[in-house]
Amino acid sequence: MKAIVVTDEAAGTAGMALVERPEPEPAINDVVVQVHASGFVPTETAWPSTWTDRLGRDRTPSIPGHELAGVVTALGYGTTGLSVGQRVFGLTDWTRDGTLAEYVAVEARNLAPLPGDVDFTVGASLPISGLTAWQGLFEHGRLQAGQSVLVHGAAGAVGSTVTQLAREFGAYVVGTGRAADRQKALDFGAQEFVDLDNDVLEAVGGVDLVFDVIGGDIGKRSAGLIRAGGTLVSVVGPPEARPAGGLAIDFVVTPDRAQLNEIVRRVRDGRLRTNIGNVATLDDAVAALNPTERITGKTIIRARP
């Protein structure tokens with residue numbers, strides 16, 4: 001099968017190559033999925049799991065990408081809940097070969113059925129953005145209706161999903177980003193926008209929840225905006241500063257079939273819009289994942305037409 005591999009941690013995405021690899025075999029409780037579309041997070045090349053397995057052993061050349069939409073082609077021993085020929089989408093294990101390939105082996109529990117009226121490209125754009133937003137807002141942030149939420153990177157794939165879900169659940173949303181992101185963030189539902197290059201972040205005043213996808217100085221300054229009892233939720237590592245009267249939480253997104261079902265249901269009924277910035281074929285994936293200009297939104301790689 002065709003697959004994108006990485007072999008050189010120092011080279012990052014620039015070290016990607018399109019190669020031929022053996023098709024995967026399903027382990028116990030696995031399925032093999034014929035990948036129709038795959039998502040990729042640019043920071044994957046900085047994740048230790050891209051380069052080593054759970055025992056710390058080198059696993060290069062490894063196939064990156066952990067979001068997929070496709071069709072089940074084989075079941076491993078003991079696999080239940082899915083069937084051959086079924087359309088699925090979901091999130092693959094961080095320490096196993098991923099989805100930038102024509103086929104991938106993945107634990108069945110990490111996948112959810114993809115309804116027939118949802119395109120594979122859309123399905124592949126949902127797992128990380130959707131699950132990250134859902135878990136950050138509701139499991140870790142304990143969002144309540146009427147609260148205010150500061151969403152960093154509100155025009156990005158994760159931030160736009162956070163914005164839409166927070167609005168649906170009755171929150172007041174302030175988005176942040178670059179000046180060029182303003183209209184896109186507002187279009188996704190942010191009620192205010194802070195240009196981080198030119199506006200004063202602290203002018204936002206107090207908020208109940210900060211959803212941080214940036215970290216660094218912005219993350220530290222954001223901690224000072226949290227009201228008593230509020231929460232700073234980070235997906236970029238442990239926060240460097242903690243709110244005086246609140247919580248600081250960092251987390252790594254985990255697969256969850258029930259949450260995937262909730263997310264795709266919202267896409268089908270129009271409550272949630274995807275944020276796809278670019279779509280390319282597997283043959284063109286190396287160039288697409290090394291863009292020469294800034295792209296807001298998810299880059300999706302189509303393994304099949």
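This is a predicted model: local features need pLDDT of at least 70, side-chain atom pairs count only at pLDDT 80 or more; totals for chains, interfaces and linings use all residues.
The protein chain comprises 7 helices and 15 strands. Its radius of gyration is 19 Å, close to the 19 Å given by the globule rule for 305 residues, so the protein chain is as compact as a globular protein of that length. Taken along the principal axes, the box filled by the C-alpha atoms has dimensions of roughly 55 × 40 × 35 Å. Of the 305 residues in the protein chain, 52% are buried, and among the contacts with a separation of 6 or more, 64% are accounted for by residues 24 or more positions apart.

The accessible surface of the protein chain amounts to about 12,800 Å², and carbon and sulfur atoms contribute 51% of this area.

The largest nonpolar core contains 42 residues, of which Phe 89, Leu 114, Leu 137, Leu 143, Val 149, Val 162 and Ala 166 touch the most other members. Two or more residues of this core are supplied by each of the strands β4 (67-75), β5 (87-91), β8 (148-151) and β11 (207-212), and likewise by each of the helices α1 (120-124), α2 (127-140), α3 (157-168) and α6 (257-268). The largest share, 6 residues, is contributed by α2.

Several individual positions in the loops were then examined. The loop between β3 (30-39) and β4 holds Ser 49, and it also holds Pro 61. Ser 49 has a relative accessibility of 15%, which is under the 20% cut-off, and therefore counts as buried. When residues up to four places away in sequence are not counted, Ser 49 touches Arg 59, Trp 94 and Thr 95. The peptide bond that leads from Thr 60 to Pro 61 is cis, its omega being near 0°.

A contrasting case is provided by Thr 80, which is placed in the loop between β4 and β5. The relative accessible area of Thr 80 is 64%, and because this value is over the cut-off of 50%, the residue is classed as exposed. Thr 80 and Ala 287 are 207 residues apart along the chain, and their C-alpha atoms are separated by 38 Å.

Backbone geometry was also considered. Most residues other than glycine have a negative phi, and most peptide bonds are trans. Against this background, Asn 29 has a positive phi, near 70°, although the residue is not glycine. Asn 29 is located in the loop between β2 (17-20) and β3, and with a relative accessible area of 39%, between the cut-offs of 20% and 50%, it is therefore partly exposed. Arg 142, likewise not a glycine, has a positive phi of about 50°. The loop in which Arg 142 is found lies between α2 and β8, and the relative accessibility of Arg 142 is 41%, so that this residue also counts as partly exposed.

Notes. Residues are numbered from 1 along each chain as its sequence is written. Side-chain values use heavy atoms; hydrogens and water are left out. Helices (H or I, at least four residues) and strands (E, at least two) are DSSP runs, numbered from the N terminus. The radius of gyration is taken over C-alpha atoms; the globule rule is 2.2 Å times the number of residues to the power 0.38. Buried means under 20% relative accessible area, exposed over 50%, partly exposed in between (1.4 Å probe, protein chains only). Contact means heavy atoms within 4.5 Å. Accessible areas come from the Shrake-Rupley method with a 1.4 Å probe; for residues, only the protein chains shown count as cover. A nonpolar core is a set of buried Ala, Val, Leu, Ile, Met, Phe, Trp, Tyr and Cys residues joined through side-chain atoms within 4.5 Å.
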